[in-house]
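Dear colleague,

My notes on it follow.

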Amino acid sequence: YYYLPEHDDNLLSISAGHFEKRVSVTLEPGVHVFSLYRLLGHKGKGTLLGEQTVAYAKKGEKFQFLSPNKNVPYTDANWLAWRNADKLKRRHWDQTERLRISEKEQAYWSERHAWAKTQVVPEPVPATKITDAVNNEIDQFINVGLEKEGLSPTELTSDDQFLRRVCLDVIGTIPDSKMVETFYSFPKESRRVQIIDHLLSQPQWADHWVSYWQDTLAENPGLTKPELNNTGPFRWFLYESFLDNKPFDRFVSELINMEGSAFSGGPAGFGIASQNDVPMAAKAHIVGTAFLAVEMKCARCHDAPYHDVKQEDLFNLAAMLKRGDQKVPGTSTIPLTTEELEGLIVKVTLQPGTDVKPLWPFHEFVSTGEDNQLLPKDLIVDADDSRSQLAATITSPHNTRFAKVITNRLWKRYLGRGIVNDVDDWEEAPNSHPELLNFLANYLISNDYDLKVLARLILNSHLYQRSPVPGLYEDSTQASFFEGPIRRKMTGEQLADSLYLAVGKSFDSEQLTMDADGKQSDKVFGHLGIPERSWELVTVSNERDRPSMSLPVAQSIIDLMSSYGWRQQRQDPITEREDPLTALQPMALANGTSANRAIDFSDSSKLTEEALKEQDVEEFVEAIFRRLLTRTPTTEERETFIAILKPGYEDRIIAGEEVVPPKRIYRSGITWINHFHPDADREAMQRQRDILEGDAPTKRLNDEWRSRAEDFAWVLVNSPEFVFVP
């Protein structure tokens, strides 16, 4: 068991598996060169790099980081500040290098997109009589349908409502105070257009899309001893693809080719389906639902009884992904005799042991046009590689099914209902606006499969900016006419990210690994870093039920997200999560550890900062409303909360900065090699108790008044308005 060294508050703490070496030297006047060498990498060990720092101190003085920035104290707080700044610097450097290295690849895709534009047949845009509700072509298609049904579009949202909605939809969080200020700095007549452009340029666009595709592509890494159908963590491939605004046809092609790192975030992680006897059949199922809206789950064992899909179709795709014949295993059948199968709806047309060829099974999706080619010969990357063939077939402009499926996914995400409402399975799902879907799919192809361009069109439409239709659910017939969007609830990720952004706190989570000292192989132990956004979390379920293996901070955030639909296991691909209306949701927000820790008026809270400002109680109430609900309070709300907070407000501040304790990093000595030690269990259980108590309250505010202020924030967070998208 690692007994971590005791340091006073003036020195950087040490994490498990790390050691400190101090030397004293006497230097003569002149220039001196200090060299530090570090050897990394060892067979059978993980790639966890850990922390490395160098500090110096003149005799009798405090230690400083050896840094170009002079006089940086060697403390936990400064280490955290450096680490956060370094992460942004590395993100920029990585992106610059990726774009530089891939210049040849980008040139290929530019040429391919130029050709794709020539294959598009324009869809005519109809004229509409409802001209006062038209911002772009989308509204013309929608309003023509409303005219036929005798319906009218709903009114536009207010600016406050629109800002909250578009921030949740584009960057995955409610707007912070800086975003509100930016929005209202734009001229009123153009602020919606300008804020959409501003949001689409933010890196958080990537954060918000990762969790969507983690579900849709069944990204399911494990921290310890991966079990059935676990994948590698290809989340960083997803993140970097959206951060770089990679054309979506290129993104899908790279995913299908499954190259790169399997355990460090590359698309090869998608190819893993551990302890699965036909891993490529599992991936074929995912590719089918995600990019073709063909549900083939049943075809793993027999022909699909309620879909026009045969078992051979799935295994054809599996063979293309495998790059060779795929043998049907004994598990892919029904254990009945031929006589017993007679008369059943389910049919078995492939016998175990059959070798299935790598062939494209869905010819009805592809129309190759005049040249009878999916792609021109000079644009075919590798005609002999079946994975390359599959990627080319799916992403060819002659396969408009692909462009329509992706367009429909964006539409449903932003409007609450799809043009084809079942985005994963189009077998019997009606298409409410086929001409509009054709137009949007052509628009996507004509704009180089750029999701931001398509998103911009949807977000700028009058339809997107309308108020939700009251009392309407997405599966109702009337919802398909799109008088306005469907009312939506935040996802678990949006809720957690928005809550912590609003109060100005980080998750402050543990490092997501059970191998803190990096002594185990990446194949059996995951190293997923310290999460800053919710998509970076991973299930920390402890099947061994050992306290020493718990990560209580991460688990508290997961508990909150899980009650709002987040999946701790993603073995199957889905887009629509189960979201039953149960008492668990309001209970998790009202009484959960994570939510209450966020609301605590601690020294790290922006709510505390608001309480310490020199401002009237009326201004304080308005600031908290703005921060949590993106609006000003009504007269009744203002009067109610002022009455609660005014007593003692003038005397609320009782101390200054001198009572703020130094920021400390929680350091644990627990790692896989010592988690059986009794001290490991004792430490973990104490940590759990500490987290349940919440963040330490600030000593700068009067306790009794602070408690009332926390109740005020608690009420706003637990209002339906906080949870629902405007």
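Alanine 57 counts as partly exposed, its relative accessibility being 34%. Please bear in mind throughout that the model is predicted. Alanine 57 is placed in the loop between strand 1 and strand 2 (64–65). When residues up to four places away in sequence are not counted, alanine 57 touches Lys62 and Phe63. Between alanine 57 and alanine 680, which are 623 residues apart along the chain, the C-alpha atoms are separated by 34 Å.

Serine 15 belongs to the segment before strand 1 (55–56). With a relative accessible area of 14%, serine 15 falls under the 20% limit and is therefore buried. Its side chain makes a polar contact, at 3.0 Å, with the side chain of histidine 18. Leaving aside neighbours within four places in sequence, the residues in contact with serine 15 are Leu4, Glu51 and Arg667.

The buried residues of helix 15 are Leu436, Leu437, Phe439, Leu440, Ala441, Asn442, Leu444 and Ile445. An α-helix has 3.6 residues a turn, so residues three or four places apart point the same way. The partners against which the buried residues of helix 15 pack are helix 2 (103–117), helix 3 (137–149), helix 14 (400–415) and helix 16 (451–459). Following helix 15 comes aspartate 448, which has a positive phi, near 60 degrees.

The last item is a pair of helices. Helix 23 (residues 635–645) and helix 25 (residues 703–717) have axes that come within 9 Å and cross at roughly 155 degrees. An angle over 145 degrees counts as roughly antiparallel, and helix 23 and helix 25 are therefore roughly antiparallel to each other. On the side of helix 23, the contact is made by Phe641, Ile644 and Leu645. Helix 25 contributes Trp705, Arg708, Ala709, Phe712, Val715 and Leu716. By class, the residues of this contact between helix 23 and helix 25 comprise 8 nonpolar and 1 charged, with no polar ones.

Yours sincerely

How values were computed:
Residues are numbered from 1 along each chain as its sequence is written. This is a predicted model: local features need pLDDT of at least 70, side-chain atom pairs count only at pLDDT 80 or more; totals for chains, interfaces and linings use all residues. Side-chain values use heavy atoms; hydrogens and water are left out. Buried means under 20% relative accessible area, exposed over 50%, partly exposed in between (1.4 Å probe, protein chains only). Helices (H or I, at least four residues) and strands (E, at least two) are DSSP runs, numbered from the N terminus. Contact means heavy atoms within 4.5 Å. Axes are lines fitted to C-alpha atoms, for helices over the stretch in contact, and angles run from 0 to 180 degrees between N-to-C directions. Angles under 35 degrees count as roughly parallel, over 145 as roughly antiparallel, 65 to 115 as roughly perpendicular and the rest as oblique. Ala, Val, Leu, Ile, Met, Phe, Trp, Tyr, Cys and Pro count as nonpolar, Asp, Glu, Lys and Arg as charged, and the others, Gly among them, as polar. A polar contact is a pair of N or O atoms within 3.5 Å; within protein, one must be able to donate a hydrogen and the other to accept it, and residues adjacent in sequence count only if both atoms are side-chain atoms.
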